[in-house]
Structure formats: C-alpha cells, structure tokens
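Welcome, and thanks for taking a look at this one. Please have the sequence and the 3D view open side by side as you read.

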Amino acid sequence: MGTVISNEQLADNVYHLRVGGDYSGEMGQFYMLRAWDNYPVLSRPLSIHQVGEDSIDFLYHVVGEGTELFAKLTPGDPIQLEGPFGSGFPKVEGRIALVGGGIGIAPLMYCARELPGCDVFLGYSREPFATEQFRPYADKLTVDVGGLILDSVDFKAYDHVFVCGPHPMLKAAQHKAAAAQSEGSRVNVYLSLENRMACGIGACLVCSVSCKDGQRKACADGPVFLAEEVVFHD
Amino acid sequence: MIRTETSGAADTKLDLSTVIAGVTFKNPIVMASGTFGFGREYAKFYDVNELGGISGKGLTLNPKAGNPGVRVYETPSGMLNSVGLENPGIHAFLKKEGAYWESLDTARIVNLGGNTFEDYVTGAELIQQDADRRAEHGTKAVDMIELNISCPNVKEGGIAFGIRTCDARELVRAVRGATSLPLSVKLSPNAEDIADMAAMCQEEGADAVSLINTISGMKIDVRRRRSVFNNLYAGLSGPAIKPVALRMVHQVAKRVSIPVIGMGGIASATDIVEFIMAGAAVVQVGTYNFMNMRAGRDLLTGLRQFMIEENISSLDEIRGII
Ligand SMILES: Cc1cc2nc3c(=O)[nH]c(=O)nc-3n(C[C@H](O)[C@H](O)[C@H](O)COP(=O)(O)OP(=O)(O)OC[C@H]3O[C@@H](n4cnc5c(N)ncnc54)[C@H](O)[C@@H]3O)c2cc1C
Ligand SMILES: Cc1cc2nc3c(=O)[nH]c(=O)nc-3n(C[C@H](O)[C@H](O)[C@H](O)COP(=O)(O)O)c2cc1C
Ligand code: FES
C-alpha cells in the first residue's frame, strides 16, 4: 500500500502520478496498480517512469475505467501497488536511441537517466507532454507531433534501439530493424509490449506472446523483447 | 483488509480440515486451476503451504500453445479468458515441476485436460506411472487428479465431453480405470444438467466433483464489428458468476454423496462460508488471485476470524446446512 504524493495533469488525459514509499525497479519494469477494492476486477499494469529515493512515478493515459479512477486520486489517497515485475530493457553500452510513441514515452524516462548521452525520439499524435524532462539526459532530443516518429530514426546509426509505443509502431519498428540488419547493421532493437494482463507475475498465461521459439509471457519474460523474436499475428 | 491476531489457544480449537478420498486438506482454500500456475509465482508473496491445496494449470498430453489473439477481457465484476489451455504438456510438467511439487506441504491436484478420448486416458496413465515410480522411492508429487471436461476455450475435446452426460460417461469410466489416484471430475456450468452429470460421475467411481468451470460468454468490439476473441466465445469467471456457481454447488451437493469442490467468484471469507453452507467440502479460488496477490493468506485469516466471531469450531458444523 502506498500513498499518493501528487497526481498532476500534463496534457489532455495524461497524468503524472507520484507515490510515496521505498520502491525499487529497473528500467522497463512495471507495477500492478489498483486504487479500488474489488471492482474493476483486475489491477492495471503501469511502467516505471522514475524511481526516487522515497517515491515512484508513473505516467499514464486515461483510456478507460481503471485509469479514470487513477485520474481522480489526490495527495494522501491510498493506492495499492505490487512490483516491480517483468524483465525490462537491458543495461547496454554503445550508441543508443530511445523511441517513444505517445504514452510509450513513460518507461523511457528511466532509461534516459540510466543511459545518459543517448538520442531520444518522442512522437505524439497531438499535444506533446513531458518532453522537457528528457532534455537534461538526452544527447539529441527529437520531438514529432502528428507524424511518424520512426521516420526520424536511422536504425543503422545505432547499436541499440529501445522502442515503446502503440502496436502498429512496434510492428513498424520490427520491419525497420529487419531492414537495417539486412543492410549489414548489427543494431539490436528492443520492443516493450503492452499485452493485456491479469496476474502480472506469470501464473495465468493471458499475456502470452508468440515468439519464434514458442510462447512467452509478456509479464514475466518481458515486457521487453528483442524485435526479431516476436511474431506479430495481426 | 481483515487482520486480527487470533490467540494460539483460540486457533487450536478451530478445525478447518477436510479429508477427501484419503487426501487431507488442512483448510478449505484451494487455488483454482489456470489461475495459480504451479504455485511457484505466488510462493514469492506468501507461504503457499498454508493453503489447503493447489490445482495446477490444466495439462494435456502434448504441449499446447493456446489461443492466438486477445486472451482476456474485463467485464462488470468478472473477466473473460480465452487462454485455450496453453501448457507445457504432462511430460514437461512432471520433469520440471515434479520435484517442486514433491516438496510442497499442501494437497497437490493435477488438472487434466485433453482433446481426444485417448489424450485423456494416456495422460491419466502417465500421471499414474509417475506416481508409482515416486512411490517406490517413498515420495509423492500428486495427491489427486482433477479431470477437466469443461474447458470452453478449446475447439475439440474439453467442453465437448462436458455438455451431455452420455458423452462424458465413457470418458470418466476410462480415466477411472486408468488411475488409482483420487479423482475429481470438473464440471461445466454449460452442461445440459449439471446435477445429472455429477450423479453420473459418482456412479462411475469418481471420488469428488469440482464445479464450476467458467461460463461461456462473449464480448463484441462494436467499432470493429467482431468478437474481441478469435474463438468468438470465452470463459467468464470472477464475482459475476458467484450466484450461479453457488446455486449449482447447492444442487449438486443435494444430489450426490461424494464431496463437492465448489468454486466460482469467491472473493471473500464470507463467500467461502456461503459455498460451505451450500454443501461444498472445500472451495477453489481463481480470479480473486488477480485481485489480491496474497489471496490465499488473507482469505484464511478472514475465515478464521469469521469462525471465531460466529463461534464455529469446525466447518462441519455449517457444511451443507442450507
Ligand atoms: C507492461 C505494461 C506497461 C504499461 N505501462 C503503461 C504506462 O506507463 N502508462 C500507461 O498509460 N499505460 C501503460 N500500459 C497500458 C495500461 O495498462 C492500460 O492503458 C490500462 O490498463 C487501461 O486500463 P483502463 O481501465 O483505463 O482501460 P479499460 O479499457 O477500461 O481496461 C479494460 C482492461 O483492458 C486492459 N487494457 C486496456 N488497454 C490496455 C493496454 N494498452 N495494455 C494493457 N492492458 C490494457 C486493462 O488493464 C483492463 O484489464 C501498460 C501496459 C503494460 C502491459
Ligand atoms: C485465466 C484462467 C485460466 C483457467 N484455466 C483453467 C484450466 O486450465 N483448467 C481448468 O479446469 N479450469 C481453468 N480455469 C477455470 C478456473 O479454474 C475456475 O473454475 C473458474 O475461473 C471459476 O472460478 P473463479 O471465478 O474463482 O475464477 C481458468 C480460469 C481462468 C480465469
Ligand atoms: S499476466 Fe498472468 S501470466 Fe502474464
């Protein structure tokens, strides 16, 4: 059980939640949150945006019932969070690009702090948010509104590319990774998947990801996967 | 969350245990198949040996990849799942989890699924052979088989056996013949007549019946004008199904003399008490694990507290009183 320190609106339907307490986690990992007793039934997975000394931050987009309840939280409110779960982005070295689409920028803030000097690409369909937070850590910061942020990224220029965003963006990133690799690039592209979850810890198999070597669990084996491992069905 | 310190003296007076076909359940809280893996994940949150039992993820003879596409959708007070029995297969289970299950101090139930008649029977034989092998070394990994003839999420098999009593009879008979392990048959709420089905299981030598499995349900994406699930329908579980499950447990308990393992939507200690009053010997808890990662421990604390408050020293006092 944690206590809400702040819950600030950053843009239309986008909020920055800070919860007090001693929390841990690595970049790309997530927590299961609930700010209600039994209904809605399932907890909501949110990526770690930042971990502070006595607080943890999340960035979330209000899309439905659960996140609407999160948006109503005010300082002092109790909130349940369990985690950290999943295996996140690897601690790599070399030339690194962080590419986020919409609320997909949420986990990348932590990466930017852990991997200073990387290039950061943030894409938004409408109003941009949280861009300035990245500036102190990014070598180069590219912000795009209304276009396709992936078009701004030359995968061949990097050793590692971390991507988090909507499903079509992840598929496009997989194609770009394959194209770059077929041209001799040795870029490693990592995708953070947002499969629907129930248990969040690997016990229920509702979050299954088809991978080249069989089924994997988004919550326990991921949410971060090497792009070439994932088999997208649609 | 209910948390009271019960004094040791008061606690020793409480009898929460039940014996089913020689298998002791130290309390009536068993984790339901498919929601608890094989116990390892939740063991990181509390001591799963405190539980009455664990029913493992449904196993089939050969590994199964499960269903593609969306596998979960939330509903008012419940959830639909379309996992499609993804599992590593019986061989891999016995090899990878056998030693862990041997080390558990709680009733261990293998949930057996299948596509064809032969799958089920061969599966039961394999589990029996493994049990015989372990018995030679004085060890044990499985206390009971739960025969799942009720999974709504696989195209062939599963539910196909679970709808009509006449279709299920031969299968229950054959599996009964293939194993001497205690056998519970897991029934579907989608059966034509669940009490008939239970009576048939008793006639064919089952030691218990488990009910209910998920209720076949549906969710339509109105903008894309299609079901959200590749298989069209999915299985509904959670608090939404509790009244239906309770009624069915009551009906079945009135009809058969073998123990009834009741489940469906349990999310509190008083829910457990309702099932026991309706006649359940023990209960299983599924979806509530997703609502509370320490479900087993908290339910047990709540149940003890209820017994103290209501001056109940043994669950036998209230079992089947309705
Ligand atoms: C590992 C992981 C990390 C995530 N990190 C973030 C984050 O940092 N910020 C953020 O805004 N969102 C994040 N999401 C998505 C977020 O979990 C969903 O937007 C949220 O659960 C929607 O809940 P709702 O009740 O508002 O929506 P509803 O549509 O009412 O939810 C119904 C059900 O669908 C599930 N669901 C709906 N959309 C998604 C989705 N895109 N991904 C997973 N489950 C979904 C819900 O959990 C719920 O069970 C993450 C998802 C995952 C799996
Ligand atoms: C994600 C999920 C997976 C399930 N998998 C199985 C399974 O493999 N075998 C089985 O017999 N029942 C399975 N079930 C059904 C449950 O064991 C239980 O019968 C049902 O969910 C009702 O209980 P509940 O409302 O407490 O969840 C599954 C249920 C869920 C939610
Ligand atoms: S959400 Fe349960 S296994 Fe991943």
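Where is A:Asn13 found? A:Asn13 sits in the loop between strand 1 (2-11) and strand 2 of chain A, where strands (E, at least two residues) and helices (H or I, at least four) are DSSP runs numbered from the N terminus.

## Ground rules

This is a predicted model, in which local features need pLDDT of at least 70, side-chain atom pairs count only at pLDDT 80 or more, and totals for chains, interfaces and linings use all residues. Residues are numbered from 1 along each chain as its sequence is written, chains are lettered from A and ligands numbered from 1 in the order in which they are written, and side-chain values use heavy atoms, with hydrogens and water left out.

## Backbone details in chain A

Let's stay with A:Asn13 for a moment: this residue is not a glycine, yet its phi is positive, at about 65°.

There are cis peptide bonds to look at as well. One joins A:Gly83 and A:Pro84, with omega about 0°, and A:Pro84 belongs to strand 7 of chain A. Another runs from A:Gly222 to A:Pro223, with omega near 15°; here the proline lies in the loop between strand 14 (214-217) and strand 15 (224-226) of chain A.

## The annotated domain and a salt bridge

An unreviewed UniProt entry gives residues 1-91 of chain A as "domain: FAD-binding FR-type". UniProt positions follow the numbering used here, feature names are shortened, and annotations may be inferred rather than shown by experiment. Over residues 1-91, chain A is 8% helix and 47% strand, and the end C-alpha atoms lie 29 Å apart.

Over all chains, the whole structure holds 29 salt bridges, each a side-chain nitrogen of Lys or Arg within 4 Å of a carboxyl oxygen of Asp or Glu. One of them pairs A:Lys91 with A:Glu26, with 2.8 Å between the closest N and O atoms. This pair links distant parts of the chain, 65 residues apart: A:Lys91 is in the loop between strand 7 (78-85) and strand 8 (96-101) of chain A, and A:Glu26 is in the loop between strand 2 (14-20) and strand 3 (30-34).

Which residues does UniProt list for "binding site"? The unreviewed entry names A:Cys199, A:Cys204, A:Cys207 and A:Cys219. They are spread over 21 residues of sequence but cluster in space, with a largest C-alpha distance of 10.1 Å. A:Cys199 itself is in the loop between strand 12 (188-192) and strand 13 (208-211) of chain A.

## Where chains A and B meet

Contact (heavy atoms within 4.5 Å) involves 27 residues of chain B and 24 residues of chain A. The buried area, meaning accessible area (1.4 Å probe) lost on putting the two parts together and summed over both, is about 2,200 Å², with carbon and sulfur atoms giving 62%. On the chain B side, B:Glu74, B:Phe290 and B:Met291 lose the most area to chain A, together 27% of what that side buries.

Three salt bridges cross this interface. In a salt bridge between B:Glu41 and A:Lys217, the N to O distance is 3.9 Å. On the side of chain B that touches chain A, the elements giving two or more residues are strand 5 (72-75), strand 6 (78-81) and helix 9 (288-291) of chain B.
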